[in-house]
2 protein chains.
Amino acid sequence: MTAQAVLTSQLKPHQEKPNFIIKVPKGTRDLSPQQMVVREKILEKIIGCFKRHGARGLDTPAFELTETLTEKYEDTFGLMYDLKDQGGELLSLRYDLTVPFARYLAMNKLKKMKRYQVGKVWRRESPALVQGRYREFCQCDFDIAGEFDPMIPDAECLKIMCEILSGLQLGDFLIKVNDRRIVDGIFAVCGVPEDRFRTICSSMDKLDKMSWEDVRHEMVAEKGLAPEVADGIGEYAQCHGGISLIEELSKDPRLSQSQLALQGLGDLKLLFEYLTLFGIAEKISFDLSLARGLDYYTGVIYEAVLLQSPGQAGKEALNVGSVAAGGRYDGLVAQFDPKGHRVPCVGLSIGVERIFCLVEQKMKASGEKVRTTETQVFVATPQQNFLRERLKLIAELWDAGIKAEMLYKNNPKLLTQLHYCEKTDIPLMVIIGEQEQREGVIKLRSVASREEVIINRESLVAEIQKRLS
Amino acid sequence: MTAQAVLTSQLKPHQEKPNFIIKVPKGTRDLSPQQMVVREKILEKIIGCFKRHGARGLDTPAFELTETLTEKYEDTFGLMYDLKDQGGELLSLRYDLTVPFARYLAMNKLKKMKRYQVGKVWRRESPALVQGRYREFCQCDFDIAGEFDPMIPDAECLKIMCEILSGLQLGDFLIKVNDRRIVDGIFAVCGVPEDRFRTICSSMDKLDKMSWEDVRHEMVAEKGLAPEVADGIGEYAQCHGGISLIEELSKDPRLSQSQLALQGLGDLKLLFEYLTLFGIAEKISFDLSLARGLDYYTGVIYEAVLLQSPGQAGKEALNVGSVAAGGRYDGLVAQFDPKGHRVPCVGLSIGVERIFCLVEQKMKASGEKVRTTETQVFVATPQQNFLRERLKLIAELWDAGIKAEMLYKNNPKLLTQLHYCEKTDIPLMVIIGEQEQREGVIKLRSVASREEVIINRESLVAEIQKRLS
């Protein structure tokens, strides 16, 4: 979608004609019919999984009151799009689907809900566009709100991520898991001042894109952390493993001074037990470098990364970026409730754009052809002056629920009609000409085999339905 | 969705706590799971019809460069939402799906395309909220772009509107048809100055909501039209009929002075011929009061209105508002093309919110119950300490593609589990307890009939799939 053209505006012929570029806004794109087919296949699989887990649909407005959204996000991911003050409420485009969900729960005083939502969100990302990174993008969210026994909904969220990523056949993947309480516990025992937790957390969140040295530099030089404090964090942040690491850290003399960290470690242990019962423990890695940039997380956090497919000999499995993420946010709904009533929540968000990018690349590489229409029958004629017959015929097909097309020409050439069917992969052709009309019949042609049969005009719909079923 | 609450902000405990209202922005709303089910059924039917006619999908960004949208709309429908200038491009939320489609065609130099698009659009409607009228609303558009023989695509658009409105079973409806060239021809022969055509047109467009007297008053008192000019328009604007009216007007000594009007009348005559072949002519009314408020129309225009269902004795069929509309816009793409290349277009837009309102009312009246989840199986236990067994069981079901739920409790009561199934209409229950575990079996219960059978643990998935198919 790189097409751009300098446009001499023709809106007001009597005005000066300004030149302007015809383009979509920076960081956005159109989806062509080919891309829409791929997109819809991906969304269908994701929504299918959400429904398999009993989720209900929800829709919220594209924008919220600005005050609904403020102070919910760190600046890590970019800025919010504000609407112009045109005399009325101050509004901003939603930044994710989580805060609107929490607002919906509080507004309707709902104490529990399992919902999914698919929709666009908008973030004014500061850096240049990288592959699969847009300012407008689609998110698929699944969340479980309610007071439940520990780690059961959390484990289901991870199960859902595994089902979706396996189902989409994107190759091998890994889900990193950590807990905000462990992150904060590390900060506490290492000596980070409490009011710096969130900003240091947002530095740590960059560990998947930057080396520890660079993150350390940011913590020390930009955020004023003492070097020895940063080094303390670094010792923990570079650990990852499984249940044994959880056990080990539970006995760590320094970290075990933090009650919060111990609670997080206890929950993670239970979580791993459930993940084993779900048969997905080998897909999960307890990773202390995972911090997640969003302010509202309070417990378990996770992020799924695709690993470069093996087979590429000599290469180590490579992180190609996060495609799904989420966590527990037990305090967000209370922020919207007048009495501060808590509704604990846990959820996940699938980043469709990256997945879409990968599936599109894979399809291009394999040369797979995508049909962008579903037309089953084409109504054609080899002769002049058959428009009215074609119109009657095609209306009959449409009324019978058959997907049908014809050319919008009074007298199209037969070859043009044949080419159209071949180009767009329409399987069947209905042909009417003078002879057929005289005899009260219709010619039915299979486009692929070029086989033709003559059938009675009256049995046309029945015959087509038989062939299509 | 009227829930509101004064919220004492708890975002920053150390700050002053401001009070604010928790609500959605004015003119917008959330769609609850119940509403989403209804919405999706409607969209499915509409999209199904678009695909039956061979349309391809397209998606465009929620916002466009402001200059892409300016001067395309009369102010009849409200104002555009502009985004705040946050240092970058000037952006506005899209106002319809037609202008982005035209921009897409020009940007990609496409000379023909049959596409559908479903998406939200935003208009800052000035008046108070009336039923089914929102500032954020969903539109379903179908358009045919390309140079074709006259009236064939136009007739298909009207056929599509009929198929959708019949398919949704909204009761009787009528499609008013007119032509911009006839409207302009009337203005010309009545003596409206050419630079006032669009503003007088936008007054005339109000004839479905206001009486001719009020519209006349607006034309004369507000827009400065001479009374006799307005009266001349009024004589035409109050005519409606079928082919005979077209014939009559073609011979009207005054109107036939306008070449434009004669072209429009000629095309309408052809259109009615095609509509007769499609079997929908009795649904169409040639109505000279129809003007359509959008600037970009150049030819045929149409608008579908629902008629109050008969049966309500003594009441005349009543116009309950427009639910679909469209027309021909042959000049819009050229406005975006640097060389001014024309791509003639014709299309339609279905107003989902009104239809949604009506379907929702009908369902409420009939007491029809809507299931908001698709869960097929519930995994239950009558005993304590069976969480791990339930987790293993449910994972097995999910992995087999079965839609399954369980309660997120370590030890839920059996009655609670039964109630959940009844409340949410889950048809099947899988029950595991001590006895079943000992014997390697599972109890399968039909929630409706309360019938129970014992089956082997290993044949669980197969047995469920058999029962669900």
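Tutor: A salt bridge here is a side-chain nitrogen of Lys or Arg within 4 Å of a carboxyl oxygen of Asp or Glu. The model is predicted: local features need pLDDT of at least 70 and side-chain atom pairs pLDDT 80 or more, while totals for chains, interfaces and linings use all residues. Residues are numbered from 1 along each chain as written, chains are lettered from A and ligands numbered from 1 in the order written, and side-chain values use heavy atoms, without hydrogens and water.

Student: Why is the pair B:Asp82 and A:Lys84 called a salt bridge?

Tutor: The N to O distance between their side chains is 3.5 Å. The limit is 4 Å, between a Lys or Arg nitrogen and an Asp or Glu carboxyl oxygen, so the pair qualifies.

Student: What makes A:Lys159 and A:Glu163 a salt bridge, and where do they lie?

Tutor: Their closest N and O atoms are 3.0 Å apart, and the limit is 4 Å, so this pair also qualifies. Both residues lie in helix H4 (residues 152-167) of chain A, four residues apart, about one turn of the helix. Helices (H or I, at least four residues) and strands (E, at least two) are DSSP runs, numbered from the N terminus.

Student: How do you know that strands E14 and E16 of chain A are paired?

Tutor: Pairing requires at least two DSSP bridges between two strands. Four bridges join E14 (residues 377-380) to E16 (residues 428-431) in chain A, so the two pair, and they run parallel. One of the bridges sets A:Val377 against A:Leu428.

Student: Why are E15 and E18 of chain A called edge strands?

Tutor: The open, mixed sheet of chain A has the order E15-E14-E16-E17-E18. Strand E15 (404-405) and strand E18 (452-456) each have a single partner strand, so one side of each lacks a neighbour in the sheet.

Student: Which strands of the chain B sheet are joined by antiparallel bridges?

Tutor: Strand E16 (residues 428-431) and strand E17 (residues 441-446) of chain B are joined by four bridges and run antiparallel. B:Ile431 stands opposite B:Lys443 in E17(B).

Student: How many residues of chain B and chain A are in contact, and how much area is buried?

Tutor: With contact meaning heavy atoms within 4.5 Å, 110 residues of chain B touch 110 residues of chain A. Buried area is the accessible area (1.4 Å probe) lost when two parts are put together, summed over both. By that definition the two chains bury about 9,800 Å², 58% of it on carbon and sulfur atoms. In chain B, B:Met107, B:Trp398 and B:Tyr408 lose the most area to chain A, together 9% of what that side buries.
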